[in-house]
Amino acid sequence: IEILPRGDVTTFRAHLVERGAERQWDFFHAQMRVAVEERNLSDPATAKRLHVLTADHLHALPESDAIRESELMVHLIHADDRERAARVYADETQIDGATKALAEHVLAGEGEEPNPGLAWVVSLLQVPDVSSSQLWSLCNRYQFEVLDELTNDALVPTQIELVRGAGQVLARLVGEDPTNGTWLRDLHVCCGKFGEFLLTHGDTEGALASHQEALTIVSRLA
């Protein structure tokens with residue numbers, strides 16, 4: 001309320017409502033929300049700083065907190081906090097909100113070439129000092145959770161690049177530990193999905209090569 005001129009509080013009272021058990025204030029009128037954002041958050045550095053502070057607050061809450069679960073990844077994305085985003089998505093059990101936020105970030109960038117949202121999400125696989133188990137967890141969640149969220153809305157090339165990124169990291173992990181059956185299984189699944197997307201995109205030779213690689217991996221597993 002304080003960000004509005006004092007004389008306007010009464011004028012806009014009907015558009016400012018209290019929601020949910022947490023009693024959050026929200027602008028009911030969408031145009032009012034946009035106007036306030038443009039007036040107070042027009043500076044990118046200020047907006048990013050607010051996202052950082054909000055992410056710090058949410059990250060300090062218990063993982064079971066509903067608002068933390070639904071909103072933390074949104075603020076990590078806008079704070080450009082890739083290291084924390086990678087660790088949160090790799091390690092935590094409550095990931096529905098984070099999955100949705102990552103998928104929406106990818107979809108929001110599909111109007112640009114290259115897709116900045118997709119590049120940001122894939123870049124989490126390159127964050128330094130992330131353990132092998134965390135990398136595997138990210139790859140697993142990308143090709144199952146995020147990909148499922150994107151299936152009905154994302155362009156095929158977008159899905160190809162997401163699976164390609166996960167597959168490259170999984171292949172490196174398997175190279176480091178060829179006896180890890182879990183990593184081999186996920187690489188097999190990833191190669192199969194990659195082949196299906198390539199076939200849909202018209203790349204029959206690439207699809208054949210990817211399915212042959214999947215067959216080789218599953219033979220090793222057998």
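These legends walk through a few views of the structure above.

Figure 1. Going from the N terminus, the order is β-β-α-α-α-α-α-α-α-α-α-α. Helices (H or I, at least four residues) and strands (E, at least two) are DSSP runs, numbered from the N terminus. The C-alpha atoms fill a box of roughly 75 × 35 × 30 Å, taken along the principal axes. Of the 222 residues, 39% count as buried; buried means under 20% relative accessible area, exposed over 50%, and partly exposed in between (1.4 Å probe, protein chains only). Take the contacts between residues at least 6 apart in sequence: 60% of them join residues at least 24 apart. Contact here means heavy atoms within 4.5 Å. Residues are numbered from 1 along each chain as its sequence is written. Since this is a prediction, local features need pLDDT of at least 70 and side-chain atom pairs count only at pLDDT 80 or more, while totals for chains, interfaces and linings use all residues; side-chain values use heavy atoms, with hydrogens and water left out.

**Figure 2. Here is the largest nonpolar core, with 52 residues.** Such a core is a set of buried Ala, Val, Leu, Ile, Met, Phe, Trp, Tyr and Cys residues joined through side-chain atoms within 4.5 Å. Met 73, Tyr 89, Leu 102, Tyr 142 and Leu 162 have the most contacts inside it. Look around Met 73 and you'll find that it touches Ala 85, Val 88, Tyr 89, Ala 98, Ala 101 and Leu 102, not counting residues up to four places away in sequence. In soluble globular proteins, nonpolar side chains tend to be buried together.

**Figure 3. Now for helix 4 (residues 82–91) and what it packs against.** Arg 84, Ala 85, Ala 86, Val 88, Tyr 89 and Ala 90 are buried in this helix. The buried residues of helix 4 pack against helix 2 (44–60), helix 3 (66–78), helix 5 (96–108), helix 6 (116–123) and helix 7.

**Figure 4. Ser 137 sits in helix 7 (residues 132–150).** With a relative accessible area of 8%, Ser 137 is buried. Leaving out residues up to four places away in sequence, Ser 137 touches Tyr 89 and Ala 90. A polar atom of the Ser 137 side chain lies 2.7 Å from the backbone oxygen of Ala 90.

Figure 5. Most residues other than glycine have a negative phi, and most peptide bonds are trans. Asp 80 is partly exposed, at 35% relative accessibility. Asp 129 is exposed, with a relative accessible area of 71%.

**Figure 6. Last up is His 188, in helix 9 (residues 181–200).** His 188 is partly exposed, at 25% relative accessible area. Not counting residues up to four places away in sequence, its contacts are Ala 214, Ile 217 and Val 218. The C-alpha atoms of His 188 and Glu 37 are separated by 46 Å, and these two residues are 151 residues apart along the chain.

Conventions:
A polar contact is a pair of N or O atoms within 3.5 Å; within protein, one must be able to donate a hydrogen and the other to accept it, and residues adjacent in sequence count only if both atoms are side-chain atoms.
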